[in-house]
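Please look through the sequence and the model below before reading on. The paragraphs that follow go from single residues to the whole chain and back to its contacts.

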Amino acid sequence: MDRDHWTFGAGRRICPGLPAAERELWLAISRLLWAFDFQALPDEPISLEEYEGLSGRTPIPFRVRLVPRCEQVGKIVRSVEEMAL
């Protein structure tokens, strides 16, 4: 009961890949925060009013602009994409 979320189930039915999934989520989010500034679009304000925090409920969709934090970010992202191909 000490968990902050139940996304991956609980008890006997908990996802066996939970540790790997949480690490991967941490890596993905931290890399996005490292590489980009997140900005609201001028005509589309971000609102989380629809979010109640209940299981199965999510915020209404919103769009953001990702602005590279520095010039080198674009080169790094492109080099990673080329390696993946």
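A residue is called buried when its relative accessible area is under 20%, exposed when that area is over 50%, and partly exposed in between. Leucine 33 has a relative accessibility of 45%, so this residue counts as partly exposed. Leucine 33 belongs to helix H1. Its C-alpha atom is separated by 9.9 Å from that of proline 68, a residue 35 positions away along the chain.

The model is a predicted one, and its confidence values come with it. Over the chain the mean pLDDT is 81, and 80% of the residues reach 70 or more. Strand E1 has the highest confidence, at 92, while helix H2 has the lowest, at a mean of 82. Where pLDDT is low, the coordinates of a prediction should not be read in detail.

How is the chain built up? It contains 2 helices and 2 strands. Starting at the N terminus, these elements follow one another in the order α-β-β-α. Of the 85 residues in the chain, 7% are buried.

Which helices contribute to the lining of the largest pocket? Helix H1, residues 18-35, and helix H2, residues 71-84, each supply at least two residues of that lining. H1 gives the most, with 5 residues. The space in this pocket comes to about 240 Å³. Its lining includes Ala28, Arg31, Leu32, Trp34 and Ala35, together with Phe36, Ile76, Val77, Val80 and Glu81.

Now to the contacts between charged side chains. The count of salt bridges is 2. One of them joins the side chains of aspartate 37 and arginine 69, with 3.2 Å from N to O. What is the accessibility of the two partners? Aspartate 37 is partly exposed, with a relative accessible area of 31%. Arginine 69 is also partly exposed, at 46%.

In another salt bridge, the side chain of arginine 63 meets that of glutamate 44, at 2.7 Å from N to O. Both of these residues lie in the loop between E1 and E2, so the pair ties together parts that are 19 residues apart in sequence. Arginine 63 has a relative accessible area of 51% and therefore counts as exposed, since the cut-off for that class is over 50%. Glutamate 44, at 30%, is partly exposed.

That leaves the cysteines. How many disulfides does the structure hold? The number is 0. A disulfide would need a pair of cysteine sulfur atoms within 2.5 Å. Cysteine 15 is partly exposed, with a relative accessible area of 31%. Cysteine 70 is partly exposed as well, with a relative accessible area of 40%.

Definitions and conventions
Residues are numbered from 1 along each chain as its sequence is written. Side-chain values use heavy atoms; hydrogens and water are left out. On a 1 Å grid over the protein atoms alone, a cavity is a set of points where a 1.4 Å probe fits but cannot get out, and a pocket is an open set with protein on both sides within 12 Å along at least five of seven lines; lining residues have an atom within 4 Å of a point. Grid points are joined across faces, edges and corners, and a volume is the space filled by probe spheres set on the points. Helices (H or I, at least four residues) and strands (E, at least two) are DSSP runs, numbered from the N terminus. A salt bridge is a side-chain nitrogen of Lys or Arg within 4 Å of a carboxyl oxygen of Asp or Glu. Buried means under 20% relative accessible area, exposed over 50%, partly exposed in between (1.4 Å probe, protein chains only). pLDDT is the predictor's confidence in each residue, from 0 to 100.
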